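Work through the exercises below with the model open. Try each task before reading its solution.

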Amino acid sequence: LFYILVFFFSAVIFLSKEFTFFCFDHQLPIIKEVAIATIGIAGILLSVLLAGTTITADVERKTSMTILSKPISKGQFITGKYFGVLLTVISAVFFLSLTTVMTLWLAEGKPNVESLSEHGLHLKNISQATAEDVNSLYENYIYEYLKTTVVGVLKGASLCAFQIFLMSALSVALSLFFSLTVNAGICLLVF
């Protein structure tokens, strides 16, 4: 289920560039906003599902009794489950962030001389340009792309990660007392 949901949300991010055909000049900001929102929703949904299923499944199958009979306290057990959920969800957020960067790169397209000049990178005379000038121009363009787009995606993904940390903690705490449906309902109300 985890892989199916991650694949579904990455497909939503990748196909978001197709939903922006009504916005001629504002395609990239819309793709970025849709992607960041998708990362946040995916992370919270995955954390609630993982926390709700792992702890309740351990309690129902009595594997928690076996683990807690060892010299491990309940707090360590719950903390371990929390960090396990976080590690899994953060790996999904990282994968979705990479999908976002690739989608933005594909939506922007390969830079040409006109788009490079829009970014403030000018060639004085195109006919007299050497291969070194063009390579330098592309390197500057890639640096600007990394500085603006990738850093923006990373800022949004990191803020989504903090939100996921809090919702995961709430979900792990609620899964100790409630079933998955009640846990998901309460987390949805808090979200």
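**Exercise 1. Check the length of α2 against its end-to-end distance.**

Solution. Step 1: helix α2 covers residues 27-60. Helices here are DSSP runs of H or I with at least four residues, strands are runs of E with at least two, and numbering starts at the N terminus. Step 2: the expected span is 1.5 Å times one less than the number of residues. Step 4: look just past α2, where K62 has a positive phi of about 65 degrees.

The model is predicted: local features need pLDDT of at least 70, side-chain atom pairs need 80 or more, and totals for chains, interfaces and linings use all residues. Residues are numbered from 1 along each chain as its sequence is written, and side-chain values use heavy atoms, without hydrogens or water.

**Exercise 2. Describe how α2 crosses α4 and α7.**

Solution. Step 1: two packed helices are described by the angle and the distance between their axes. Axes are lines fitted to C-alpha atoms over the stretch in contact, and angles run from 0 to 180 degrees between N-to-C directions. Step 2: α2 and α4 (residues 74-108) come within 9 Å and cross at roughly 160 degrees. They are therefore roughly antiparallel, a label for angles over 145 degrees. Step 3: this crossing is right-handed, meaning that the near helix is turned clockwise from the far one by less than a right angle. The contact of α2 with α4 has 17 nonpolar, 7 polar and 4 charged residues. Step 4: turn to α7 (residues 180-190), whose axis comes within 9 Å of that of α2 and crosses at roughly 150 degrees. This pair is therefore roughly antiparallel as well, and the crossing is right-handed.

**Exercise 3. How many disulfides does the structure hold, and are C160 and C187 buried or exposed?**

Solution. Step 1: a disulfide requires two cysteine sulfur atoms within 2.5 Å. The structure holds 0. Step 2: C160 is buried at 8% relative accessible area. C187 is buried at 2%.

Conventions: Angles under 35 degrees count as roughly parallel, over 145 as roughly antiparallel, 65 to 115 as roughly perpendicular and the rest as oblique. Ala, Val, Leu, Ile, Met, Phe, Trp, Tyr, Cys and Pro count as nonpolar, Asp, Glu, Lys and Arg as charged, and the others, Gly among them, as polar. Buried means under 20% relative accessible area, exposed over 50%, partly exposed in between (1.4 Å probe, protein chains only).
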